[in-house]
Structures are given as C-alpha cells and as structure tokens.
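Reader: I am new to this structure and would like to learn how to read it. Could we go through a few features together?

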Amino acid sequence: MTLREFLSDRMGRIALQLICAGLAALFLFAVGTQPGILVILFLVLFLVFAAAQIYDFCCQCSRLRELEAIWDGLDQKYLFAECVPPPKGVYERRLFDLTRRAGRAMTGAVSDAEASQREYREYVERWVHEIKAPITAARLICRGLDGDTRRKLTAELAQIEANIERALFYARAENPEQDCLFRQVNLGEIAFQAIENHRSLLIQSGVRVETENLNDTVYTDEKWAVFILGQLLQNAARYRGDEPVVTLSAKPLGKQVRFIIQDNGIGIPAHELPRVFDRGFTGSNGRSRGGSTGMGLYLCKKLASFMDLGLHIVSREGEGTAVTLTFPARENLTKP
C-alpha cells in the first residue's frame, strides 16, 4: 500500500474531520477565544492527527506485508484464509471468517466437481473396455464374409476402434500421470505398433509407409507415443493426395532425437496452421472431407506437453505436411 492509496481510502474521513475542526474554530472565535490560542490549539491537534494517521498507515503496511509473505509461501493458495495469524479487530475478524467460509464452500464445490469428473472418466474407461468385446465379435464374423465385404467392414471397424481409443485417451488426458510409465523404447517399435494398429485404414487408403533410420532409443511412455503417432497416421490417410506416401524418419540431435512424420498429402492452408492444435478445430480440409472431430491434434499437443515432447508442424497447401516430434534427453525430463 502506498501513502497515496492510504490517503485516498480515508479522504472522506479526513474531509469530515477538517470540517468539524473548522466549525469548532468558528465557535471558539465567536465566543472570544484569542486567535493565537486558536493557532496553537489547532497546531497541536494537527500534529496529533498526523501522528495517528502515520501510525495507522505503518500498521496497515506491516499487516499487508505479513499477509503477502504468507501468501507467497503457500503452495496451495486456497488455504490462505486458514493460515493467516489471528485477525486484529472485530471488522477484520468478521471479514476473515467470511473468507474462510467462502473458501470452504469453494473447496467443497471443487471436490464435488472432481468426484463427478472422476466418475465420468471411470465410466468412459469401463465403456471402452466393454465395447471392445462386440467389436472383436464383429471382426470374427467378418472372417466368414467374401473378400470385398470383409475388407470394407474391417476398415469401418478399425475406424470405430480408432474413435473409441481417442475417447479413452481424452478421458485419461485430464490426469495422464496416473497412466504413464516412462522407459527406454526403440523408435522402430513405436512406429511398428502404430502402423499395425492402423493397418486396415492405411491399406484401404492406399497409403505407403516408408521408414528410415528408426534405430534410436528414446525415453518416453510407449503407449502414449504410439497413440500420438497413430493420430498423425490417421490424418495422413484422411488428407492424402494422389499416390500417398508417409515417411517416418529419425535424426539424432545431441542427446535429443527428432522423429519426423512426412506426407505428400493436400497440406494445410497457411492461415489455419496456428489453430490446428485448438480443441475442436477442423479447418477447411476437415469440413470438405468430413469425419473430422478436431480432437486428434489437440490430444497430441496435450499429451506431448505432459511428456516434455516437442511437437512442431509445418505444411504447404497442395504439397504435404511434416510433423516433428522431439524426444528430450532423459535428464531433461520434468516427469519421473
């Protein structure tokens, strides 16, 4: 608090006191009090008044510094009202009591919201696991069909599985630390697993996948990395051009490893690139080709951020898109 703020806060009180002092001076002068005595009297009153204001200003500044120090030292700021020293005065005691009650009400509301969100996430996870059974049964039934019908149904089932997987990862993305296990993984294994998961879609779309120099080992969570790569492969298949090719390559960069996913698809308009990681953004390509939810790249960005994984995308409309995943050195990870 500055002196100017203090005086501004008390301007009404000070003005009232000055008016009262002026009226008292007129009364004393009217009853015959000598001017010299009036001057001395009001000089003494002014010094007492100024000293009281200065003392009050110093006390408030000291109190605010004490409270700010407590605030700065708290990791969980919402516990501030519970950690302050005993209030001084009736007004401050009532004020802090209201603040504590408001804080407890907020904590209860947040706890209820978290419990509801946790229940919803658990329901989604259970539903995902339950829906896998009929999908597996449908795959077995497809084996008894003729070739063309089997391929079409298998591709559609693969799309259903991809959407279900996305829903599961979206539910888990709110608390990814509960489902992450960082370890050394070969990039080739990540690429192979992602390609295998989306083999039907890639074959149906006529996408050829080429791999180069995927012998590097990175330190990451394999399941999340496979999911991110799978989303990028799905995008490459959905927004493919003529004779689509996706190239997966790696390039060591000191202790880091850059994993590059390059396609020769239709590309992304330059004015849409800054928004491709926004939740729900489908862009002109997604609207024209249909089937886009705008959640794939959003989830990739969110999970990559949690895993300290660099995610950068460049694209030219009509030429293709390149996505670079930069895996950090193990000692630079902020997650255990």
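**Reading the helices and rings**

Author: Gladly! Among the elements covering the buried residues of α3 are α1 (3-9), α2 (11-30), α4 and α5. Helices (H or I, at least four residues) and strands (E, at least two) are DSSP runs, numbered from the N terminus. Buried means under 20% relative accessible area, exposed over 50%, and partly exposed in between (1.4 Å probe, protein chains only). This is a predicted model, where local features need pLDDT of at least 70, side-chain atom pairs count only at pLDDT 80 or more, and totals for chains, interfaces and linings use all residues. Residues are numbered from 1 along each chain as its sequence is written, and side-chain values use heavy atoms, leaving out hydrogens and water.

Reader: Which residues of α3 are buried?

Author: They are L38, Q53, F57, C61, R63 and L67.

Reader: How do I read the reach of a helix, say α5?

Author: The expected span is 1.5 Å times one less than the number of residues. Helix α5 (residues 90-142) has 53 residues and reaches 78 Å from first C-alpha to last, close to the expected 78 Å.

Reader: And how is a pair of aromatic rings described?

Author: By the distance of the centres and the angle of the planes. Rings of Phe, Tyr and Trp (its six-membered ring) pair if their centres lie within 6.5 Å; planes under 30 degrees apart are stacked, over 60 edge-to-face, and the rest tilted. This rule gives one aromatic pair here. F182 and Y219 are stacked, 6.5 Å centre to centre with 20 degrees between the planes. F182 belongs to strand β1 (residues 182-186) and Y219 to strand β3 (residues 217-221), 37 residues apart. Both F182 and Y219 are buried.

Definitions and conventions. Contact = heavy atoms within 4.5 Å.
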